[in-house]
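User: I'm new to this one and would like a walk through it, please. Could you show it to me before we start?

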Amino acid sequence: MLLFALIFLWTPPHFWALALFVKTDYANAGVPMLPVVAGERSTRTQIGLYTLPMVAAAIAPWPLGLTGALYGWSAVLLNAIFLGLVAQVTFRNSVPDDTMAPEKRLFKYSILYLFLMFGALVADRWFA
């Protein structure tokens with residue numbers, strides 16, 4: 001259930017970060033992504049709001065005794081980085097499309113993040 005929750009809650013920040021820097025393309029194609037229909041400010045807020053329970057779901061297996069310290073400390077570190085990138089996006093004002101560096105960093109990291117989280121889960125089992 002926690003792994004499902006992690007992926008479920010990871011999906012909006014991941015795709016909304018992408019949607020922020022390709023908003024014009026989505027609007028031109030008539031795709032109703034959140035930045036197009038609700039605006040950038042709302043999208044940034046939602047990214048922040050979805051990330052908080054995502055972090056809780058990602059770290060929860062460790063204190064619940066479902067994983068060991070390797071996963072736990074990896075989850076803490078990876079989620080701290082994710083939170084830092086999300087903060088840069090969430091608390092940023094609207095900017096032109098060509099200067100979306102924080103949004104692009106969050107999108108790229110979110111792909112690596114999910115891979116590393118599941119990699120840490122596997123490694124935790126192998127080396128436990």
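**Burial and fold**

Analyst: Of the 128 residues of the protein chain, 43% count as buried, where buried means under 20% relative accessible area with a 1.4 Å probe, protein chains only. This is a predicted model, in which local features need pLDDT of at least 70 and side-chain atom pairs count only at pLDDT 80 or more, while totals for chains, interfaces and linings use all residues. Residues are numbered from 1 along each chain as its sequence is written, and side-chain values use heavy atoms, with hydrogens and water left out.

User: How many helices and strands does the protein chain have?

Analyst: There are six helices and zero strands, these being DSSP runs of H or I with at least four residues for helices, and of E with at least two for strands.

User: OK, and which residues of the largest nonpolar core touch the most other members?

Analyst: Leu 6, Ile 47, Met 54, Phe 82, Leu 106, Tyr 113 and Met 117 do, out of 33 residues in that core, which is a set of buried Ala, Val, Leu, Ile, Met, Phe, Trp, Tyr and Cys residues joined through side-chain atoms within 4.5 Å. Helices H1 (2-21), H4 (40-59), H5 (69-90) and H6 (101-126) each supply at least two residues of this core, and the largest share, nine residues, comes from H1.

User: What is Leu 6 in contact with, leaving aside neighbours within four places in sequence?

Analyst: Its partners are Met 54, Ala 57, Ala 58, Tyr 113, Leu 114, Met 117 and Phe 118, with contact meaning heavy atoms within 4.5 Å.

User: Switching topic, what does the C-alpha trace span?

Analyst: Along its principal axes, the trace of the protein chain spans about 50 × 25 × 20 Å.

Definitions and conventions: Buried means under 20% relative accessible area, exposed over 50%, partly exposed in between (1.4 Å probe, protein chains only).
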